[in-house]
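Open the model in your viewer and keep the selection panel at hand.

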Amino acid sequence: MKPAPFAYHAPDSLDEALALLEAHGEDAQILAGGQSLMPMLALRMAAPACLIDINRIASLRRLEETDEALRVGACVRHAELLRHAASVPHWSLVAACLREVAHPGIRNRGTPCGSIALADPAAEAPALAVALDASIHLASRRGERRIAVGDFFLGIYETAREADEMIVAVSFPRPGADWRFGFEEIARRRGDYALAGLCAGLKVVDGRIEQARLVFFGVGDRPMRADEAEAILCGGDPADAQLRARAAEAAMARIEVSGSAEYGVAYKRHLAGVLTGRVLARLAEAGGA
Amino acid sequence: MTAPDPRPGEIGRPRPRAESRRLLAGRGRYASDENRPGQLHACFLRSPHAHAAIHRIDREAALAHPGVAAVLLWEDLASVCKPWRTVSGAFPGLASPTQYPLASGRVAWQGEPVALVLAHSRAVAEDAAELVAVDYEPLPAQADYRSALEPDAVLAHPAMKDNIAWTMDVAAGDVDAAFASAALVVEDEIVFTRHTGVPLEPRTVLAAPDAASGELTVRISHQMPHQLQLHLAEFLDMPMSAVKVSTGDVGGGFGIKMHVYPDEIAICAAARLLGRPVKFVADRIESMIADVHAREHVVRARMAVDGEGMITAFDIRDLHGLGAYSVYPRSSTMETVMALRPIGAAYRYGAWRAHADVILQNKAVTGQYRSVGHPIATTVTERLVDRAARALGRDPLAFRRANYMRPQDMPVTNPAGLRLLDLSHEACLDRLVELIDYDALKAEIEAENANGRLLGLGFAAFVEMTASGTEAYGRAGVKVAAVDTVTLMLEPDGSLKAAASVCEIGQGISQGLRQIIAEGVGLSPDRISLSLGDTATSPHGGGAWASRGAAIGGEAAWGAARRLREEILAAAAALLQCAPDTLDIADGAIVDAAGRERMGLRELAETVYFRGYELPQGVQPQLSVAHSWRRERDAAVPTNGIQASLVEIDAETGLVRCLKHWVVEDCGRIVNPLLVDEQIRGGVAQGIGAALFEACRYDGEGQFVTGTLADYLLPMAGEMPDVVVAHVETPYSGSVIGAKGAGEAGTCGAGAAVLNAINDALARRGASISETPATPELVLRALGRLAPEAEP
């Protein structure tokens, strides 16, 4: 298990990195934390002609919080974001979600932006981004653009990123105090990719659900929003057990599911219902996660 | 021979392993740490097909790749290496075709080595392997062993008339009458999914030929270097004296590293052919696909119980998926026998019948893996026992106790042909009841279940046949050493230099043997250097298999120690002009009857080695001794114990968590309780893995789908419960020390206890499962929470 030969570049500036990306396009891979890329190289599931290591680019290491948003640079590690989020109540979903990303060693090197760029449908960070309505900041020699996360994930390992673009940051808009968040994932072993997981958010105003986001991972070919279930919830009372049961039923029945060799479609669907029921039950009372 | 002093001494002392400090500091010397100038690195091109004819192999492009030294096929190796075929007198009629180090015209399992690419680095060898063009003609693959016996079944080997490798039929007592007159018959069909051992250190070999001496030096991660030396000499047509095999540190074996592997033989043959050192380190994917797998069985078993609630008979049918070949030299069918004969062994019963069909498949070869066969026997037995207890409304432990083989019933050869003696079932059960605080635990489980949780408690009594003696393979004509030898020498500074034929593979036997020698001679174990695992320095013997280290190697060590002690005392007595029997050795010094020091061991050794003229005429001290030990009775040493497991099922997701696990076992005299406890715990981890997680899965085409550790789930620290270990010590009556095998007992019973615990929980909802691993989908289906589905 040795990688196929590749050229290695470690630029000091974003400009240099983008120039390399422009030159190599599809043949290049960005190396940030390497927690998915390195095993894929070793297994020869990926054989890029060149690696562009962005770890020397200081600007990508920034983690910045303003009143409006939390901006996470491409080289910010899961562990750094987790530490920050765990200290602030409004990022409870970020903290709950990142705690379940693999093991500490992987969180110390792996990055949320890398996970989003890879778009593994079983990973936590893409679903987290969808649940929080994040924006993805893409840069290329052609300039920078910001894309809504809802338009970013297209399928398994497939995103709206162009070959000459890289993710420089993801920004999470700060949720208002009227949002409640919940998270749960189901895995055979601690730290594994989830068989199914749910990032959930409810905006509750005067005891009524104004907005709902139920985002599943490990279930479909990308982070999946349970639109029907969300629609059922909107306008209802989060403490209404029957409402929650109907939402869980809808999530189970209507979510788009891809089975795997080991876990069938029916099981994944079942888990979607279980997760919806469990997480919403916890969101019945203010607090959450 | 004098038995060890029953007072607290070195034998039985909980000493930490001397090697731990070095290994934990990263100073281990594993095979992959070894390098030779000019060595070539190997990459095997392995078959992507489960079954295919090979019409042509074009290696030109690979040979032209910069850095590549050779691309070898079987036709190249054939000039220096013979193929092999597994035959055994123990398995008459065994059908297993000839095996080659590299494929000869046909591949019969996915992962079979086809070509060997040798280059100046592994990476270059892997690059070049991609350039080897093989013209395969895919053939139908025999991958579903349940249909393998049908008349039109796909053949794993087209030259054979069917897929049957071997059939076993054994019966004793009147089984039909027992079932006809039974008050209760319980039965089950239990599916065991293939799994494997997954040692942390993969198989690794560095073979270096010496042009000057003609010798071949092989450094390999292996459990039995002497046996490999013998086979290499045979296959490569060399005298054994010219083949030197050593292991260094070994990072786990579990039975995986005791077989003849085509890839390892190909490396040694390539080194001979090219006259250059060749190194191969299996990566994790090739370990998963090409290490021996084990335990693919469907066992249908019935148990008869009479009106008194006594077990009277077992009737068993087994379908055993063997893989493409029967492993060399021991034969994979050893697992069949050991999966069946121990069924019922903890209990008194009168009649026993077993039929097994052992099936060849286009899948990886299976072989002996920790606690060979026994976990299957234990699971089958204990499932039936639990079913019977439940049907009779009896407490599961009370039912076991009533049926146990009691001390007064032994020694006995039971109907399945097992020689049973020195077992302590009731004592172990008593200890377990105390350990788990049975009544309180039951009450706690009831209370939690009343609160909506789903907990279950399961038990598994077990008998394990350990430390196989000389009959196991000897009568079958298979050259496997079951005698072990220890050599022992007094060094001039009063320390000891020892070598043994048993092997250290991480289990700690090196520490155990030093403690035995220390007590036998009368000095501290840290005064003993012990070399193991090197055919150039240690005597021929068994290595590490069947938990033999303490039970057989320990006897050899004790014998060598006592001989050396006698020699030392005789020399000392001559110098001190007293009778030897008035002297003793304590703490490394020669003492008199009152315990007063008369002479240090160093002083004695210096006199003998440097000032021999001071010795009286006619005194020739033999300060180098060798002692061999073969057991003269009992084909194997039976051990016993009982395990309990507490599990929780998440009835919504089907996930099972093992909350706590207990083991009470009797491995006879314990040489070092720390070593034994950790062997038990490690074994339990592998049993829990089998019950809940581990599965080597193939699709219908024989494609292996669990080739990474993301797919093949091992229990990790997060999945392991606390494992509480306790002992009953019933020394084996046929040896001086009385130790029995301890290394496999954890694996023997853990999976059965976990499955019984799951079923104890499921029974509360009127459900049960009879398959391992207990995947969440299986559990949910049993609970009726998930409809059966046809889709994958």
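**Stop 1: a strand pair and its sheet**

Select K497(B) in chain B: its bridge partner in strand 23 of chain B is S529(B). The model is predicted, so local features need pLDDT of at least 70 and side-chain atom pairs count only at pLDDT 80 or more, while totals for chains, interfaces and linings use all residues. Residues are numbered from 1 along each chain as its sequence is written, and chains are lettered from A and ligands numbered from 1 in the order in which they are written.

Strands here are DSSP runs of E, at least two residues long, and helices are runs of H or I of at least four, numbered from the N terminus. Two strands pair if DSSP finds at least two bridges between them.

Now show the open sheet of 4 strands in chain B, with the order 23-22-21-27 and mixed pairing. Strand 23 (528-532) and strand 27 (624-629) of chain B are the edge strands, each pairing on one side only. From one strand to the next the twist averages 15°.

Helix 15 lies across strand 21 (484-490), strand 22 and strand 23 of chain B, at about 135° to strand 23 (axes are lines fitted to C-alpha atoms, for helices over the stretch in contact; angles run from 0 to 180 degrees between N-to-C directions).

**Stop 2: helix 4**

Which residues of helix 4 of chain B are buried? Select V124(B), A125(B), E126(B), D127(B), A128(B) and A129(B). Buried means 20 or more other C-beta atoms within 10 Å of the residue's own, with C-beta atoms placed from the backbone. Because 6 of the 8 residues of helix 4 (residues 122-129) of chain B are buried, the helix is largely enclosed by the rest of the structure. The cover includes strand 1 (40-46), helix 2 (60-64), strand 3 (68-72) and strand 5 (113-119) of chain B.

**Stop 3: the side facing chain A**

Show both chains. The contact takes 23 residues from chain B and 19 residues from chain A, where two residues are in contact if their C-beta atoms, placed from the backbone, lie within 7 Å. On the chain B side, helix 4, helix 8 (284-290) and helix 20 (776-782) give two or more residues. Helix 4 of chain B gives the most, with 4 residues.

**Stop 4: the whole chain**

Zoom out to chain B, which has 20 helices and 31 strands. Of its 792 residues, 58% count as buried.

Methods. A residue is buried if 20 or more other C-beta atoms lie within 10 Å of its own, exposed if 12 or fewer, and partly exposed in between; C-beta atoms are placed from the backbone.
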